[in-house]
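Dear colleague,

Please find below the structure that I am handing over to you. My notes on what was found in it follow directly after.

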Amino acid sequence: PQSPQTGSGSPYSNWNGIVVLSSSQQMGLAQITSYDTHNASTRQITTRPLPLNTIVDGVSHNGLNVLYQYASGGKTLYWTMAPLPGTGYFYALDDNAAGNAVWMPDNRTVLITTRGHGIIKVDIATGAATSVLPTLNAGKLVIYRAPYLYYIGAEDVETGALYRINISAGTSPQRVTSRSPDSTFWVSPDGATVY
């Protein structure tokens, strides 16, 4: 894959790895690093220290960007490796309304689950948001594989079960698995198999 971009725009050459969030309780900081599976080396890919409550939501489909979030001052701030001028983060929600995010295949937009406002689609380059599924109550977004958004059910459906919904057609959600508390789900690249 090509090199991910850091916040300063400088590429890391020959990056072939996974993204790791590491933290230091003693220093009270976190950093996002890449672990190169070819030579077992690591490189810090965030240019500044992050709060310990940082959560990595995912790596873009093309492998060039990382989506992450953290809470600060009553807001949850959503970031990528290319900070927006002025704020740095591309979107903010009140902590009590904020959920996780997943990448769309275009590597420019993300879907964010919210509490009380459904699913929104946000352009990471401009921060422009559009309501996609305003009434969907998702516990956690898992992945988007066109045309389906996979998510963990919340209060209005079987909590902890995996569901999918066709966001293009706006059809009713389909349950994929029964309740599976504390499970982690992966969807195959073609979207045909759930692990």
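Arg 48 lies over the face of Trp 79, at 4.1 Å from the ring centre. A charge is taken to sit over a ring if NZ of Lys or CZ of Arg is within 6 Å of the ring centre and within 35 degrees of the ring normal. A second case is Arg 164, whose charged end sits over the ring of Tyr 148, 3.7 Å from its centre.

Please note that this is a predicted model, in which local features need pLDDT of at least 70 and side-chain atom pairs count only at pLDDT 80 or more, while totals for chains, interfaces and linings use all residues. Residues are numbered from 1 along each chain as its sequence is written, and side-chain values use heavy atoms, with hydrogens and water left out.

Aromatic residues

The structure holds five aromatic pairs. Rings of Phe, Tyr and Trp (its six-membered ring) pair if their centres lie within 6.5 Å; planes under 30 degrees apart count as stacked, over 60 as edge-to-face and the rest as tilted. Tyr 78 and Phe 90 form a tilted pair, 6.4 Å centre to centre with 50° between the planes. Tyr 78 belongs to strand E6 and Phe 90 to the loop between E6 and strand E7, so this pair ties together parts that are 12 residues apart in sequence. Strands (E, at least two residues) are DSSP runs, numbered from the N terminus. Both Tyr 78 and Phe 90 are buried, a term for under 20% relative accessible area, with exposed meaning over 50% and partly exposed in between (1.4 Å probe, protein chains only).

Tyr 151 and Tyr 163 form a stacked pair, with 5.8 Å between centres and 20° between planes. Tyr 151 lies in strand E13 and Tyr 163 in strand E14, so parts 12 residues apart in sequence are tied together. Tyr 151 is buried at 0% relative accessibility, and Tyr 163 is buried at 7%.

Sheet and loops

Four strands make an open sheet in the order E8-E9-E10-E11, with antiparallel pairing; two strands pair if DSSP finds at least two bridges between them. Strands E8 (98-103) and E11 (129-133) stand at the edges with a single partner strand each, so one side of each has no neighbour in the sheet. E8 and E9 pair over four bridges.

Asn 107, in the loop between E8 and E9, has a positive phi of about 65° although it is not a glycine. A cis peptide bond joins Ala 146 and Pro 147.

Yours sincerely
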